[in-house]
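Welcome! Take a moment with the view below before reading on.

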Amino acid sequence: MIPLPLNTEESPAYILELIYRLKIRNVMTTRLIVAARDDTLRHVQKLMKENAITGVPVAEGPRLVGLLSMDDIIRALDGGYIDDLAGKWMTRNLIVLEDDMPLSFGISYMEKYRFGRFPVLSKNKELVGIVTSRDIIVALLLEINNEMERIEREVLPRPETAGGRTRRVYSTRRFDFENAGRASSEIKRLLKEQGVAAPIVRRVSVAAYELEMNQVVHSVGGRITFTSDADTAEIVAVDMGPGIENVEAAMEEGFSTATEWIRSLGFGAGMGLTNVKRVSDEFSLESRIGAGTTARSLVRLRPSVGEQPSKKDTGD
Amino acid sequence: MRIGELGTILDASCIQDQYDDREITAGYTSDLLSDVMANARASSVLITIQAHKNTIAVATLTEIGAVVICNSRPVPADMVQAARDERIALFTTKANQFETSGVLFGSLGSTSAPK
């Protein structure tokens, strides 16, 4: 058995399960571009160019008889025999995969032979597909994505509204402006449904949006946890890094580390954290380089008599 | 003034007309979204060149009823869709922010001045 390019003893069980469960037929390309023995190398070169591929199997009916790679074509151009027939120059001694083999075989073969592609034969030795490293990467990525989605669904706490308490957890991803703002929109809706006064809803929404955008713009991604009961709404934003170098500077209005293109979108004005602090009744920020940042904002939903809500942003 | 009157007053075309035709009492001009959130009042018109859907998210949070995109900046389809979902009116005009703000300020008069 050819070794895999990973330590199979310490790898997560899922990764091993994955590369043994997936068969070559699950990852291979079945849309085949093939040449015949009596096609010219020039024709094969044209096939490569038109289809943006680097290898063409030579077949006779359903049977694989050889393979031509970009290398063969370059040699033909160099040697001046590009008008020769494919059958004369094709590689005959081929390493092939079978469609029933586990994907681990394909990965081992890629490691061992360093070919760009492997033709795939069925049990009765018919050419049924071709596998490149790109096919393998795409198939693995899709499978891992499915698995991660499943894990996230399991790990992330379910929405709960119990005993007048609401709790939601949202995750953010770096530069994912598509989904940014989702958490704050939902938090706003939840508080409205709870019957909280509009100016206070706005304060919580502003805090949520700024903390959400901060994670999207500055962090590698993180999590926004929203908790509310009849009296308070709390937002805790925890990210996984890189951390804020100078927390004091970050709290100064106008200070920003955002790049030009982030600013061109209207972010990075250096007002985010000051906005959060201003709308919050309680605010804290902790950050460690390499570890990440935790910001907490608390807003009292029923300001007690004597408090001056006019200090806060009320939207009027 | 109602949102429905904005098109005529500002010589702007309405590219998202499924909105709640609310009363407009103020305006705010800015391209910085945090600035909008900090300072724009509810029931405002937002005048900006920031033509993407995050602007709608900010408008929603701050109860802004209409957004005017200046300088004929192209508006992406997902922004129009987001505005439709939130029932926020969306206008475009070839005038710039200064001109647009001037006209709107003239029409709203002193009601738009800060308290």
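Among contacts in chain B between residues at least 6 apart in sequence, what percentage join residues at least 24 apart? In this predicted model, the share is 52%. With that in mind, here is a friendly tour by topic.

**The make-up of chain B**
- Chain B contains 5 helices and 5 strands.
- Chain B has 115 residues, and 47% of them count as buried.

**Where chain B meets chain A**
- On the chain B side, 19 residues are in contact with 21 residues of chain A.
- Both α2 (33–39) and α3 (53–61) of chain B supply at least two residues each to the side that touches chain A.
- With 6 residues, α3(B) gives the largest share of that side of chain B.
- By residue type, the side of chain B that touches chain A has 8 nonpolar, 7 polar and 4 charged residues.

**A helix to look at in chain A**
- Helix α9 of chain A covers residues 198–218, which makes 21 residues.
- At 1.5 Å a residue, α9(A) should span 30 Å, and this agrees with its end C-alpha atoms, which are 30 Å apart.
- Is α9(A) largely enclosed or open? Of its 21 residues, 19 are buried, so α9(A) is largely enclosed by the rest of the structure.
- As background for viewing any α-helix, there are 3.6 residues a turn, so residues three or four places apart point the same way.

Conventions: Residues are numbered from 1 along each chain as its sequence is written. Chains are lettered from A and ligands numbered from 1 in the order in which they are written. This is a predicted model: local features need pLDDT of at least 70, side-chain atom pairs count only at pLDDT 80 or more; totals for chains, interfaces and linings use all residues. Helices (H or I, at least four residues) and strands (E, at least two) are DSSP runs, numbered from the N terminus. A residue is buried if 20 or more other C-beta atoms lie within 10 Å of its own, exposed if 12 or fewer, and partly exposed in between; C-beta atoms are placed from the backbone. Two residues are in contact if their C-beta atoms, placed from the backbone, lie within 7 Å. The expected span of a helix is 1.5 Å times one less than its number of residues. Ala, Val, Leu, Ile, Met, Phe, Trp, Tyr, Cys and Pro count as nonpolar, Asp, Glu, Lys and Arg as charged, and the others, Gly among them, as polar.
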